[in-house]
Amino acid sequence: MRDVTGRGPATRGSGGRLRLRRCLVVSAVVAALVPYPGGAAVAGDAAPATTELTITATLDEHSARLADDFQGFSVESADFAHGFLTRERMAERLRTLGPGVLRLGGYSMDLVWPAFGQWAGAPAPPEAIGGTVDQADLDHLKQLLDASGWKVTLGAPLKSIIDPAKVKNPARDPSPQVTLDQVVAEVKAAYDTLGDDLLAVELGNEYDNVTTLTGAELWETAKRYQAAISTALPHARLKIAGPSPSGAKSSTRVDEFVTAALADGSVNPQHVLAELSSHWYPWSHCSGRTMTIEQLMSAETHLNTRAKLAGMRAVSARLHDTVPSTINESNSASCSGMPGVSDSYATALWSLDYLLQGAQGGVDRVQFHTNTAAICGDFKPRESADYPISYRYYGAFCAADPAALHAGQLSANPLYYGIWAFRQVPTGKFLDLDLPDTALDQIRAYAVLGRDGSLTVVLINVQDPAAADSTGDTVTLNLPAAYRTARAVTLRSTAPDGLASLDANRITLGDQQISPAGTATGTPRPSTVPVDRRSAEVPVAPGTAQLVTFSH
């Protein structure tokens, strides 16, 4: 893909280690009436209100690195079983984002019927409300991965494999009686079809919600799965992704799992685990709970995410960072998202901020849960048989109507634009911008130093442009080295209702949009930012993000 700045392919490569300590000083000047590229002037008093921020950034060998395939999607196993993951439907919208990883799983992981090996001709039991996965689904997935350059992790059922007494509520969505041998038959077929594009096999979905298994019991189950897979595929070196607990702010469940792994002298955890996976939803729409745009964009959400990342990092350190740590299911609010919030323009800015925060926080991947074949707004209640494949308010794309869905024309939602903006940031080392927490209700800031010495700074004004008290920022950057040129790309919406806008057609990134075919349209129009060697000023309007790249 090409990035919207016109710099060429948005590829991310490895960078050399820097031993120099670098400083970046930022002053945010809020003016009473300042014109901002891509945004309206901010009205106010005659005398400008000024907030000065000084941020010192350092880079050393411990700085986090932004990888090329950091972002991804999590989709329901039911979507896979219903044949929605096809090249025609998904390839362009995945390829536009560059390399990534699909996670096939979710709640319906325990509700599908794998029809492989001796089970290929067996009828699916009535409990398999998620559908049947067969070789045709794998063949379509192979075509999709080849066309998009993405890879995949495969979810395996848990509830039907363990002691039935360990299932919390066997009467609720009873699982089809899939055996471990049947799981292995599916994994073997998947590996034979996908090869090294199959990265791992996930051990169930949110075991703490659906079972009473302890961390130690889940560890023993993980070893059992991995041993069975290794026996059937001794040269594949496939390992387990887990434990994938529900999205609590603490990492207690993952810590219990790792404690059991470290106490087990019979096997090295690295030989069992491909990923140390967690889920994270900063808010919830479960059981009638609500979330507002103000909450989503708040400092509280940012700080809670910081706490989650710190907990994950601490657990990963117990394994000496030898197993990748991932958030393999995530979004703004659990239980399909909050209508009017999870599908609003606010999520474009939130997801850009969240992805950068996650990468800087040291996790190896963040995957957004999404629908893959739904009509916009056509939400099905949890009790519906169509629920596993229904519309989700936090989806990255949806079809405008049945005709568009049939034609594979999926329109990009605000979430997709945030991920697309994130993809414009090249690989490199993060500079630690010591932004004070007191400024988080106003602005978020990140900087990544590329291998070629270029510096990309992302400034996100999280204030609502439709609010009377929102302010614009003029950010003065004192740069860590001398740069000759700078170009900025703006993520913005022209909708009058600001962050609450549900009209994704009003969103642009560098004046480009995503067509229903999944490709970028329009002419990229980066703006020139005057730079005086080590200094530059960047205006950031409320409800916009500026991605500024400084070059030597």
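**View 1. Helices α9 and α10 are roughly parallel to each other.** Their axes, lines fitted to C-alpha atoms over the stretch in contact, come within 11 Å and cross at roughly 30 degrees. Angles run from 0 to 180 degrees between N-to-C directions, and those under 35 degrees count as roughly parallel. Helix α9 covers residues 299–318 and helix α10 residues 346–360; helices are DSSP runs (H or I, at least four residues) numbered from the N terminus. The model is predicted: local features need pLDDT of at least 70, side-chain atom pairs count only at pLDDT 80 or more, and totals for chains, interfaces and linings use all residues. Residues are numbered from 1 along each chain as its sequence is written, and side-chain values use heavy atoms, with hydrogens and water left out.

**View 2. Residues of α9 meet residues of α10.** In this contact (heavy atoms within 4.5 Å), α9 contributes Thr-301, His-302, Thr-305, Arg-306 and Leu-309, while α10 contributes Trp-350, Asp-353, Tyr-354, Gln-357 and Gly-358.

**View 3. Lys-429 lies in strand β17.** The strand spans residues 428–431; strands are DSSP runs of E, at least two residues long. Lys-429 counts as buried because its relative accessibility is 12%, and buried means under 20% relative accessible area (1.4 Å probe, protein chains only).

**View 4. Lys-429 touches residues elsewhere in the sequence.** Among them are Leu-59, Asp-60, Glu-61, Ala-447 and Val-448. Ser-63 is also touched, and the Lys-429 side chain reaches the backbone oxygen of Ser-63 at 3.1 Å. Ala-67 is 362 residues from Lys-429 in sequence, yet the C-alpha to C-alpha separation is 9.3 Å.

Note on methods: Buried means under 20% relative accessible area, exposed over 50%, partly exposed in between (1.4 Å probe, protein chains only). A polar contact is a pair of N or O atoms within 3.5 Å; within protein, one must be able to donate a hydrogen and the other to accept it, and residues adjacent in sequence count only if both atoms are side-chain atoms. Angles under 35 degrees count as roughly parallel, over 145 as roughly antiparallel, 65 to 115 as roughly perpendicular and the rest as oblique. Lists of a residue's contacts leave out its neighbours within four places in sequence.
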